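Open the model in your viewer and keep the sequence beside it. This tour tells you what to select at each stop, and what is there.

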Amino acid sequence: MILGYLKERRNMYCAFVLIDSRIPPQSIDLEFIEWCGLNDMPFQIIFTKADKLKKSQLAKNTATFDAALYKQGWEELPNRFISSSKDAAGRDEILNFIEALASI
Ligand SMILES: Nc1nc2c(ncn2[C@@H]2O[C@H](COP(=O)(O)OP(=O)(O)OP(=O)(O)O)[C@@H](O)[C@H]2O)c(=O)[nH]1
Ligand SMILES: [Mg+2]
């Protein structure tokens, strides 16, 4: 359903894949990312709820996610943001990215 929507939208420049930074890589997320790659769907990853983790654990979890992506065959990692809706981490970077996209 969502896949069909993404495929059909011609004005879709980029999807944001929100990943809960607290949990191990989920197959549903990895499968969606793989689908994006196979379907030439540009996307960015947003790790969410970063405030809920210690910096070291956050780094560990994002590295684990990276490893899962390499395993999936990505040669270059997709761009990612670290975010928190609580302390607004990543907010400016994400908004700047969207602004840059919107001005293409
Ligand atoms: N501390 C913290 N809480 C958050 C953050 N984002 C969402 N929440 C809280 O998490 C709960 C679920 O919020 P949602 O907006 O549904 O976020 P979600 O990523 O879909 O999370 P889940 O529904 O729990 O899978 C709410 O109580 C939010 O206030 C965050 O960045 N930091
Ligand atoms: Mg939710």
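Predicted model: local features only at pLDDT ≥ 70, side-chain atom pairs only at ≥ 80, totals over all residues.

**Stop 1: the nonpolar core**

Select Ile19, Ile33, Met41, Phe43, Ile45, Phe65 and Leu69. They have the most contacts inside the largest nonpolar core, which has 15 residues. Now colour β1 (15-20), α2 (27-38), β2 (43-48) and α3 (55-72). Each of these elements supplies at least two residues of the core. The largest share comes from α2, with four residues.

Keep Phe65 on screen. What does Phe65 touch, leaving aside neighbours within four places in sequence? Show Ile19, Pro25, Leu30, Ile33, Ile45 and Phe47: Phe65 is in contact with each of them.

**Stop 2: Gln44**

Go to strand β2 and pick out Gln44. Is Gln44 buried or exposed? Its relative accessibility is 9%, and the limit for buried is under 20%, so Gln44 counts as buried. Next, select Asn79. The side chains of Gln44 and Asn79 make a polar contact at 2.8 Å.

**Stop 3: Asn61**

Move to helix α3 and select Asn61. Asn61 has 14% relative accessibility, so this residue is also on the buried side of the 20% cut-off. Show Ser21, Arg22, Ile23 and Leu53. Asn61 touches these four, again leaving out residues up to four places away in sequence.

**Stop 4: ligand 1**

Select ligand 1 and show what surrounds it: Lys49, Asp51, Lys52, Ser84, Ser85 and Lys86. How many residues of this shell are nonpolar, polar and charged? There are no nonpolar residues, two polar and four charged.

An N or O atom in the side chain of Lys49 is 2.6 Å from an oxygen atom of ligand 1. A polar side-chain atom of Asp51 is 2.6 Å from a nitrogen atom of the ligand. At Ser85, look to the backbone: a polar atom there lies 2.8 Å from a ligand oxygen. Ligand 1 taken alone exposes 610 Å², and the protein buries 38% of that.

Conventions. Residues numbered from 1 in each chain as written. Chains lettered and ligands numbered in written order. Heavy atoms only, no water. Core = buried A, V, L, I, M, F, W, Y, C linked by side-chain atoms within 4.5 Å. Buried < 20%, exposed > 50% of the residue type's maximum accessible area, 1.4 Å probe, protein only. Contact = heavy atoms within 4.5 Å. Near = heavy atom within 4 Å. Polar contact = N/O pair within 3.5 Å; in protein donor to acceptor, adjacent residues only side chain to side chain. Areas by Shrake-Rupley, 256 points an atom, 1.4 Å probe, with all protein chains shown as cover. Nonpolar A, V, L, I, M, F, W, Y, C, P; charged D, E, K, R; others polar.
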